[in-house]
Amino acid sequence: MLAAVDAGSLRFGDIGAAIGIALTYFTIIYLTGLGGLFSERSGIVNIGLEGMMIIGTVTGSWGAHHFTLPPPEGLGWGLPWGPIMGLLIGMAAGAAFASIHALATVTFRVDHIVSGVVINLVAVGIARFLSTIFFGQATQSDPGQPALNPINIPLLSRIPWGLGGAFQQLSPMVVVAVLLVFPVWFALYRTRWGLRLRSCGENPEAARSLGVRVAPLRYEGVLLSGALAGLSGAFLAVEVTNAWQEGETQGLGFIALAALILSNWDPIRLMLAAFIFGFAQAIPLRLMDAPVLRLIPDPFVRMTPYIVTIVVLAGFVGKVRPPAAAGRAYEGGTT
Amino acid sequence: MATAPISLPTETARERPEWLDKLAGQALAILIAVVIALGLGSLIILGYGESPLTVYGAIFQFGFGTKDGFGYVLTEATPLIFSALAVAVCFKAGMFNIGVEGQYLVGMVTASWAALKLDFLPGPLLMWVVILFGMLGGIAFALVPAILKVRTGAHEVVTTIMMNGIAISLVAWALAGPLKFTTEAGGHTPNLRTDPFPPNARIPDLGHLFGIRSSVHLSWLFVGALVTAAIIWFVLKRSRLGYEGRAVGASAGSARAGGISIGSVQLRLFILSGALAGLVGMQQLLGDKNYLPIGYEAALGFTGIAVAFLGQNSAAGIVAAAIVWGVLARGETAVQIKTDVPREFVIILQGILIISVVVTYQLAKRRLLSRQLRRAATVEDFVDSSASADIEGMAQEDR
């Protein structure tokens, strides 16, 4: 934290710090929300995001621990393999876990909500079980887990009055998450694959009549969803808390779901929603003394994402429209 | 499907009544799911170099072997019966109340408020009032998604998920403010919690009548849960509300055409569901702890969903499933004490069981549907070959 002398700079410094925290939460919410976006755009409702994140946290933490030892001379290329492998393993484990959801909903046509609930329930148990195997205890990992070297964003981190603090000592993954919007947007709206994926979510019967194979695309959507949620969970465990702790996802998977709804299933608007909700998470941590905000008890600040989503869903403000076929069973065989 | 009037089936050789088909299908689905779960569980056990028989035997023996063990199982089952019933009531009408979790947390807060602030009420009256407040809290929290669904069409799944998030913060707020403890328990600083409730708010112990230790906390609430299950069975199967609810769940369009006010049915069932959810926390509050602790995240609402699936949303099935779940929960200790397998194995077993139940039940349902389709096809004696081929095709895809 920057040393603050007078009231003014204290406020700016706090705002900078809050934005920094908000960027971290943004990364978690955005990555998970993108996961939900791919799944739901392909027509599979995914309320199991929280569970997929949980799997990402425990496996990511294990990866970071396990690959801490430097690789043999000449093979490491000087890269921090611990955290990198942690993130990749969390991502792979999330996708593997999501395959249960894909199998249940696409192949066996189980109700998407039922399967999602089960995914969330089962994830807690699997995480505990894996934790006993990885760390010898059920609810947390050992301390001393490495993280990626934090970076300062050029130019932005030089903003005076403490506001630059928001862009100092950030995880490189924050930058990755922000930049991810470009390939995601391109893939969804400018490639044949994206058009087909979206058509499966809007009208699978029509898509199939035009020769699109619906089931494989939906599998891809759900697996991508698990990979992104798993990456998000691994980011939380590897880069933010530097450890696996049971319950560290704190319902962020559901906040990501809320952001996804608010964004109207659009990757660019999702960035905005994720940042706003991320900032709401940061307020109780850094802006508890700010004017006006100090009058609101923390718990009420924490529940704002949920309230906003309910208000929007109820149609009091704005209008959201989910992919037309999301959640509906598709009866057209498994090809 | 053609809607021509259906004459009696011409082919009666292998006719079975539909309900028997359905029941047999459900039983078979559960049986297959249990076999799959025990089978996969055995693989994990073998991986630890233990014998599956030893492990399963230990779980069974801990649950049913001693009076105290069985009492513990029933105690564990009590809140699950309530939360699974809450889920099932909505499910019958095609609604998904994922908000039982939030509703029961809020019910615990309102009940605690009543227990602490209405402590002037004499004798067992206080207990009844506290329970009533728990139900009211659950109802109040269920009303939000219910009204939004009926008035604006906001999907109850998403709104209840959001309400769960709100509930956790509400509990934190209540425990840090209005309900924060005023008298510290002797010695060290207690965790954030409420003051202890007056003794007459407690639900009387049932276990001692059967020689079960009082530390098991088997209370009369278990009997209450059984009675509630019977009432819900009656409501769903024999009352007008239940009939209308099932009609809405089966086909909203037909229900509307039949003169049923869908919104009103959904609202009433959601209120019933919220009231049941409000009872979930009572075992913990009034049977066991006698205060409301913070960080009380037992996920009883979500577990209730699993129990409701396992019990296939029928009242009797739910009671049985809750007891099975209780045996497994008790089994965690058994596995830890008696074997080298970590206790978390049981949670995995529960998970595999619930996934297999969901999938096999779905397959059984589709099998039943395809059989009905085929039967309808033979009854109507299609001349139009393309239509019957269509149905055959659907039936084949279902296999």
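A residue is called buried if 20 or more other C-beta atoms lie within 10 Å of its own, exposed if 12 or fewer do, and partly exposed in between, with C-beta atoms placed from the backbone. Keep that in mind as you explore this predicted model, where local features need pLDDT of at least 70, side-chain atom pairs count only at pLDDT 80 or more, and totals for chains, interfaces and linings use all residues. Residues are numbered from 1 along each chain as its sequence is written, while chains are lettered from A and ligands numbered from 1 in the order in which they are written.

**Stop one: a loop in chain A.** Select Asn242(A), which sits in the loop between helix H9 (214-240) and helix H10 (252-262) of chain A. Helices here are DSSP runs of H or I with at least four residues, numbered from the N terminus. Asn242(A) is not a glycine, yet its phi is positive, about 55°. Because 17 other C-beta atoms lie within 10 Å, Asn242(A) counts as partly exposed.

**Stop two: a loop in chain B.** Now pick Asn313(B), in the loop between H12 and helix H13 (315-338) of chain B. Asn313(B) also has a positive phi, near 65°, in a residue other than glycine. With 19 other C-beta atoms within 10 Å, Asn313(B) is partly exposed.

**Stop three: where the chains meet.** Show both chains: 34 residues of chain B are in contact with 38 residues of chain A (contact means C-beta atoms, placed from the backbone, within 7 Å). On the side of chain B that touches chain A, colour H14(B), which gives the largest share, twelve residues.

Terms used
Two residues are in contact if their C-beta atoms, placed from the backbone, lie within 7 Å. Helices (H or I, at least four residues) and strands (E, at least two) are DSSP runs, numbered from the N terminus.
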